[in-house]
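Open the model in your viewer and keep the selection tool at hand. The tour moves from one selection to the next, with a short account of what to look for at each stop.

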Amino acid sequence: MKNFKIKSYTKSTYAYTKLRKSFGRQPLFQIVPAHIIDSINPNAELQNEYMLRNPVHREVQATLPQSEHDTNTKQIFIHEQGINHTEGGWPRDVHLYNEDHLNRHRRRVQHDDNYVHSILKMRPHIDHCIAQNNAIDMYETYFADMQLQTPVEKYHIQIANTFRDPFCRPISCIVWTNEKKAKLVASYCHKRYPESENYQKNVCYVWDVNKQTSPLFEFFPSHGCWQVACLPSESELLITGLENGTVSVFDIRVSSNSVGSSSIYNSHFAPVSALLYTHSRTNTEFFTGSPDGQCLWWDKRNISKPIDRLKMAVKLATNEEPSFINSEGVSSLEFDRGLPTKFLCGTESGLIINANRMGRSHSEILTSYWEAHTGPVRAVQRSPCTLRMFISCGDWRVRIWSEEVRTAPIIVTSPYRYQVTDVCWAPMRYSSYMAVSEDGVFYYWDLIRKFNKPVTKLHISRHGLNKLNPHPGGQSIAVGDYKGSLFLLHLSENMTIPGTNDKQLVHQIYNRETKREHNVDTRLKEIRLKARADVETPTILNEEDEISDVEDLEKLTEQYLNIVKEEMGQMGGVLANNLSYSNLSNIN
């Protein structure tokens, strides 16, 4: 006998709320005996029209009609046959797979007297084959008239949660904590001078992604917080870059106030515009950038003063020393642990500087730079597929660069209608990147699927988006706007999981575009050199042209002297008889 398990019954209730006056009069029910309310007598005329029919035959079918049909298809016989192609016609003493033997035999045959006659005899047959190949359109485009089919992949973006700031301040930085259940750390600040906010409005929050009503923690910087970073090994420790140029350390386990801060005399002279952790043995070092034109390296164990300084001056004249006057203001920084001694720096003037801390001199540290954008570089990030490729955004464009090409970007998107405020690569999908703009639209690009336009986009906020930071897993995206709203986006599976050949295809795109830019650069250099040579080459006259010019000058001189003699003779002058070319030149 089988044992049946009875499932538990869950009672569901629904409370219906309605005003009492909407129910009408109250019904009063009583127990009364049965009584006739109304009686309708039959109609005799209609009864006479009724006719009985006996017997009645009726067929009824309640099932759906079905049919059966048998067909016999033609048999297809498949036969597999292989072909073994070998190269023949060589003598026995020539080894087929030895290139030296083959070259030696070719030279021996080419020096033979009958070789030329044999080639000429084969010419008609070769001409016939060439003519046949020319008659065939080898570059014909097949199936060009077919209609484009809609893609099978469906890209879907969903707003999972929204976290709002009660003071409606713009979001200045978004960071994910390095935990199994990651949290969001958001800083808020009005980036304007002079600072006019009070202490309470400098509060920043740590949000739980599943709870939008109130933040988990709050911490209070002493000034407006422009940048924030989480320690990779300890998510409870936060580093903040403030508006007065100082750096503060917060431990949310201890207090909402800072547990350490740098001195204003040893810090930046302008707000901290970029803050990142660097690679070190203790995982306690980080560096900051500021519009004052320098980068400072710090150790969180002692942030009273920086451990190193670097002025971002690249356009220096001969024998000119770097200083705050000729340095470039820092707007963004990029560091990847795959290159522990190198970093990228975006400046306020639109440059992207490639720096290497292992250099001995200033020129060896700041090795190269690219003129990237008109205005400040909002964001710069290296590709997770290849570290030689990086992406940047600024003004109205997003550009992809290669370290091997210094003259121009390898991939340029069409200009946006509004300014692009932030951009970053997709963490897991190597061919994709995301961007946000001031019109409040989130763009998702895929270089393999669509090269000239985004595969999907979503309008998120009417106030304009300014920050973007994806989770390392790639499925969740944090986006902030200018009114303090922090949006948590969820992407579909085909936008987060990479394909089997995506990395190889991205490498092919990178190599192809880099080679194309090299070819264009080489051609432009040749054109410039040719134009310069044409300008600098002096005009060389032939001897015959010089002789003809001298003869023409002598003829014109004689004609001029004859005219002058006639005029002087008519005037009766004394100099008319002694006039010559030598003494004519002395007459004033």
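Which side chain does the side chain of Ser187 join in a polar contact of 2.7 Å? Select Ser187 and Ser172 together, and you will find that the polar contact runs between these two side chains; a polar contact is a pair of N or O atoms within 3.5 Å, where within protein one must be able to donate a hydrogen and the other to accept it, and where residues adjacent in sequence count only if both atoms are side-chain atoms.

Before going on, note that this is a predicted model, in which local features need pLDDT of at least 70 and side-chain atom pairs count only at pLDDT 80 or more, while totals for chains, interfaces and linings use all residues. Residues are numbered from 1 along each chain as its sequence is written, and side-chain values use heavy atoms, with hydrogens and water left out.

Strands (E, at least two residues) and helices (H or I, at least four) are DSSP runs, numbered from the N terminus. Now show the contacts of Ser187, meaning heavy atoms within 4.5 Å: leaving aside neighbours within four places in sequence, they include Pro170, Cys204 and Trp226.

**The largest nonpolar core**

Move to Val398, Ile400, Val423 and Tyr433, which touch the most other members among the 23 residues of the largest nonpolar core, a core being a set of buried Ala, Val, Leu, Ile, Met, Phe, Trp, Tyr and Cys residues joined through side-chain atoms within 4.5 Å. Among the elements that each supply at least two residues of this core are β20 (397–402) and α5.

**A loop residue**

Finally, select Thr496, in the loop between β28 (485–491) and α5 (502–536). Thr496 is buried, with a relative accessible area of 10%, and its side chain reaches the backbone oxygen of Glu493 at 3.1 Å.

Key: Buried means under 20% relative accessible area, exposed over 50%, partly exposed in between (1.4 Å probe, protein chains only).
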